[in-house]
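This report looks at how two chains meet and at what lies inside them. Please view the structure below before reading on.

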Amino acid sequence: MTNAPVILTHDLAKSFGDAAAVRGLNLSVGANRITAFLGQNGAGKSTTIKMLLGMIRPSCGEGTVLGKRITDPEENREMRRKVAYVAEDKPLYGYMTVEQTIRFASSFYPDWRDAVARRLLSEYKLPPQRKVKKLSKGMRTKLALLLAFARRPELLILDEPSEGLDPVGIEHLLQMLVTQAAEGVAIFFSSHQIAEVERIADQVCILDNGRLLLDASLDHLRQSYRRIDLVFESAPPEREFRIMGVEKIQSKGHQMSVFASGNAEAVIEHARDLNAVSVEVAPVGLRDIFLETVKEN
Amino acid sequence: MFFKLTPTTGQPLYLQLMQQIRHATETGALQDGDQLPGIRTLAEELVVSPNTVAKAFSELEHGGLLELRQGSGAFVCVKRRTRSLADHVQVARRQLRDLIERLRDDGLSNEEIQRAFEAELLYPVEMVRKR
């Protein structure tokens, strides 16, 4: 990954009145990868994405997307030509038909691929003559995805792209993301579908309360996070385990459970030195990593 | 070839893919000269990031098990070395079978044996050596 980051922010912040939505965000999103942006509702994901696209102005801090400054209107216009974006609320003109919407969008973008648009129209089984306002939520999402996937951008930003989709639709979406990534498109997407994120993402960023809590590759998370369950003859020596990498310790009777973001070897060695009668190590999935990270905050 | 990657096993997906390709050459499911799907095709099939497949391929190429040809994909090259590895695996399986039988005789259930195996496998390599 020698390429320059596609998204870079420095102390980016946004407040609405007294309420801080994003607090000093330092984000670096790599080219040639799929990056997932996780966070609870209200964590500041959509606000961040809208600032990146120049749709709302940061209260302070700065950032670039594809090397273009997000607060410069001229550079912003240039950037938007190379970025496809699927918004959270999937804004479309209700009075247009599906076909009109596609034709309308195609006229904006020099990177539009008509063949892909037609293929997706039939794969998504969207009725070309139906008015957008008569579409179901899932169909609206599919139309919004079609408009993004028909382009050949350098960067694809999606805000909750799986909203309203059934499992078949989600699978198709993931496949499309993989295809785009294989074509060299950098992908940055927010999602609540942790199981899906876990399958296709290279990198995961967790945002909570406007702050970046975690920015790591999934390979690293898989190799480092462990839950170590210990049993002791007497009361578990909790204090002995407050070492580097240990995020959380829970004890109950003779049992103790250690949640570690790394350094699991040391915990295990320690447990053996302290004569633990049972040591069990288990990997930790992204769902638990997310829940623990957000809870600790 | 059928590959199955499990996102929640605590092992990077590219490592899982590497192991499964290696395993397929050991069992003979993949043979010398066989062609694997391209990075993009395999990534779409498995629904994983193309980087996962690319990394597995490039590591296997490094180890001499795959030959990557520009534009035409990845080809398996199984030399005698891997065959002898297949023999090792055969021997290891017999040893494991004996061990499992002994553990069952000691009254351990399959589930307990499996848990013990999984726990031991998760220990880092350096520590196993130290013990």
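## A helix pair across the chains

In this predicted model, α6(A) and α2(B) are roughly antiparallel to each other, because the angle between them is about 160° and angles over 145 degrees count as roughly antiparallel. Their axes lie 9 Å apart. α2(B) covers residues 39-46 of chain B, and α6(A) passes this helix in a right-handed crossing.

On the α6(A) side, the contact is made by A:Gln175, A:Val178, A:Thr179 and A:Ala182. α2(B) contributes B:Ile39, B:Arg40, B:Ala43 and B:Glu44. Sorted by class, the residues of this helix contact are 4 nonpolar, 2 polar and 2 charged.

## The wider contact between the chains

The contact as a whole takes 23 residues from chain A and 20 residues from chain B. On the side of chain A that touches chain B, at least two residues each come from α6 (167-182), α7 (194-200), α8 (218-224), α9 (264-273) and β15 (278-283). α6(A) gives the most, with 6 residues. This side of chain A has 10 nonpolar, 4 polar and 9 charged residues.

## The largest nonpolar core

In soluble globular proteins, nonpolar side chains tend to be buried together. Here the largest nonpolar core has 100 residues. Those that touch the most other members are A:Val65, A:Ala148, A:Leu155, A:Leu177, A:Ile187, A:Phe188 and A:Val204. Helix α5 of chain A (residues 137-149) supplies the largest share of this core, 8 residues.

Which residues is A:Val204 in contact with, leaving aside its neighbours within four places in sequence? They are A:Ala36, A:Leu38, A:Val197, A:Leu214, A:Ala216, A:Leu218, A:Leu221 and A:Leu286.

Conventions
Residues are numbered from 1 along each chain as its sequence is written. Chains are lettered from A and ligands numbered from 1 in the order in which they are written. This is a predicted model: local features need pLDDT of at least 70, side-chain atom pairs count only at pLDDT 80 or more; totals for chains, interfaces and linings use all residues. A nonpolar core is a set of buried Ala, Val, Leu, Ile, Met, Phe, Trp, Tyr and Cys residues joined through C-beta atoms within 7 Å. A residue is buried if 20 or more other C-beta atoms lie within 10 Å of its own, exposed if 12 or fewer, and partly exposed in between; C-beta atoms are placed from the backbone. Helices (H or I, at least four residues) and strands (E, at least two) are DSSP runs, numbered from the N terminus. Two residues are in contact if their C-beta atoms, placed from the backbone, lie within 7 Å. Ala, Val, Leu, Ile, Met, Phe, Trp, Tyr, Cys and Pro count as nonpolar, Asp, Glu, Lys and Arg as charged, and the others, Gly among them, as polar. Axes are lines fitted to C-alpha atoms, for helices over the stretch in contact, and angles run from 0 to 180 degrees between N-to-C directions. Angles under 35 degrees count as roughly parallel, over 145 as roughly antiparallel, 65 to 115 as roughly perpendicular and the rest as oblique. A crossing is left-handed if the near helix is turned anticlockwise from the far one by less than a right angle, and right-handed if clockwise.
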